[in-house]
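This report concerns helix packing and the surroundings of selected residues. Please consult the sequence and the structure shown here alongside the text.

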Amino acid sequence: MKTKVQTMESLERLYSLFEADLFAVKTLIDTTLNRARNVSNDDLISHLLTLSGKQVRPILTLLAYRLFLNESQNELSSPEPLIQISSAIELIHLASLVHDDVIDDGQYRRDQLSVNAKFGNARAVTVGVYLYSMSLELIAKTRQCDLLYSLSQAVKLMCEGELFQLDSRGEMTVSVEHYLNVVYSKTARLFMSSFECGAQLAAVSQSQVVLLQKYGYYLGVLFQLTDDYLDVFGDQVALKKEKGQDFGQGQFTLPYLFLFEEVCPEEKNTLISDMKSNGEGAFLRSTQCMRDLGVEKRCETFIHGYHRAALSLLEPVSDSLYKQALLFLQQFIVDRINAR
């Protein structure tokens, strides 16, 4: 009789599953960055080394690699290409954050000064490109052209999504569909590639690769939806950056789009004019208006719709410690909106 797999009970337990792999990823990233040190960038590299995050995307790649393997295969040490790809994905994500802070004039990242705030925009843009080049080098070392294609497509879409978002700033006719397309490009596509790369390295079936790509889409959208929700209704502790950045940039994320649907055209124009004043009072007034009109609850309902869709995709996957880890990670993302 098969023993029932225990549920994942904590984030620490999830990380312990991949302790050796994540240590190898961090070591490779640190080594790659340290090799890039020279007189002109020593201070920048030191700062980058302090900006380590939760390594969510490498964890997705590691989970995808192990999800469909049997127990004896999972006991084997991870192959070098898996560590190289996981590290490359984390470097891509870090590069995108550096550039995002330049575009949004973000002053804090992961409880520290952002690269642009500490070193200026010119150096931040340059080091962001430098990080992308390091990721390309790591991907090339795997000699896996299909993985290079997947991740290059993800980076391409991330850039396209940023351009779409910049073009729509302050735009009154932005739709929820347009917003979700940007979310797909900027966030979900890299989640999809993270899963795809792990699955491809595990040599699983094509149907399993497709399942994980679809799951990556829903999980990526879910991640961004909760981030945008917290930017309005959360706090800086949960966000690890300044609250209200979207408001300050005139970026209409889901809460604002739902708010505009609840008011008449005249009220919408007044709200947008108020937002353009870019003051803390204007942000607080718009947030209170959302709460009064039920937008906060509507966003939560929308988020839970993606949560359920992602869960349904995992139903046919055999139970294992790695499936439980994936389920726990998904729940952890959703619970961010409840822990504010």
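The model is predicted.

**Helix pairs**

Two packed helices are described by the angle between their axes and the distance between the axes.

| Helix pair | Angle between axes | Axis distance |
|---|---|---|
| Helix 4 (residues 56–67) and helix 18 (residues 321–335) | roughly 150° | within 9 Å |
| Helix 11 (residues 206–233) and helix 16 (residues 280–292) | about 115° | 10 Å |
| Helix 11 and helix 14 (residues 254–262) | about 70° | 8 Å |

The axes of helix 4 and helix 18 cross at roughly 150°. Because angles over 145 degrees count as roughly antiparallel, helix 4 is roughly antiparallel to helix 18. The crossing of helix 4 past helix 18 is left-handed. On the side of helix 4, the contact involves Ile59, Leu60, Leu63, Arg66 and Leu67, which meet Tyr322, Lys323, Ala325, Leu326 and Leu329 of helix 18. Sorted by class, this contact has 8 nonpolar and 2 charged residues, with no polar ones.

Helix 11 takes part in two of the tabulated pairs, with helix 16 and with helix 14. The angle of about 115° is found between helix 11 and helix 16, and these two helices are therefore roughly perpendicular to each other. Helix 11 contributes Asp231, Val232 and Phe233 to this contact, while helix 16 contributes Phe283, Thr287, Met290 and Arg291. The residues of the contact between helix 11 and helix 16 comprise 4 nonpolar, 1 polar and 2 charged.

Against helix 14, helix 11 packs at about 70°, which makes helix 11 roughly perpendicular to helix 14. Here Leu225, Asp228, Tyr229, Val232 and Phe233 of helix 11 meet Leu254, Pro255 and Tyr256 of helix 14. This contact of helix 11 with helix 14 consists of 7 nonpolar residues and 1 charged residue, with no polar residue.

Helix 6 spans residues 80–104 and has 25 residues. From its first C-alpha to its last, helix 6 reaches 36 Å, close to the 36 Å expected at 1.5 Å a residue. Helix 6 is largely enclosed by the rest of the structure, because 22 of its 25 residues are buried. The residue that follows helix 6 is Asp105, which has a positive phi, near 55°.

Gln84 is found in helix 6. Is Gln84 buried or exposed? With a relative accessible area of 7%, Gln84 is buried, because buried means under 20%. Apart from its neighbours within four places in sequence, Gln84 is in contact with Leu28, Leu138, Lys141 and Thr142.

Arg143 lies in the loop between helix 8 (121–142) and helix 9 (145–167). Its relative accessibility is 76%, and Arg143 counts as exposed. Although Arg143 and Pro81 are 62 residues apart in sequence, their C-alpha atoms are 8.6 Å apart in space.

Gln331 belongs to helix 18, the partner of helix 4 described above. The relative accessible area of Gln331 is 33%, so this residue is partly exposed. Gln331 and His307 are 24 residues apart along the chain, and 8.2 Å separates their C-alpha atoms.

Key. Residues are numbered from 1 along each chain as its sequence is written. This is a predicted model: local features need pLDDT of at least 70, side-chain atom pairs count only at pLDDT 80 or more; totals for chains, interfaces and linings use all residues. Side-chain values use heavy atoms; hydrogens and water are left out. Axes are lines fitted to C-alpha atoms, for helices over the stretch in contact, and angles run from 0 to 180 degrees between N-to-C directions. Helices (H or I, at least four residues) and strands (E, at least two) are DSSP runs, numbered from the N terminus. Angles under 35 degrees count as roughly parallel, over 145 as roughly antiparallel, 65 to 115 as roughly perpendicular and the rest as oblique. A crossing is left-handed if the near helix is turned anticlockwise from the far one by less than a right angle, and right-handed if clockwise. Contact means heavy atoms within 4.5 Å. Ala, Val, Leu, Ile, Met, Phe, Trp, Tyr, Cys and Pro count as nonpolar, Asp, Glu, Lys and Arg as charged, and the others, Gly among them, as polar. The expected span of a helix is 1.5 Å times one less than its number of residues. Buried means under 20% relative accessible area, exposed over 50%, partly exposed in between (1.4 Å probe, protein chains only).
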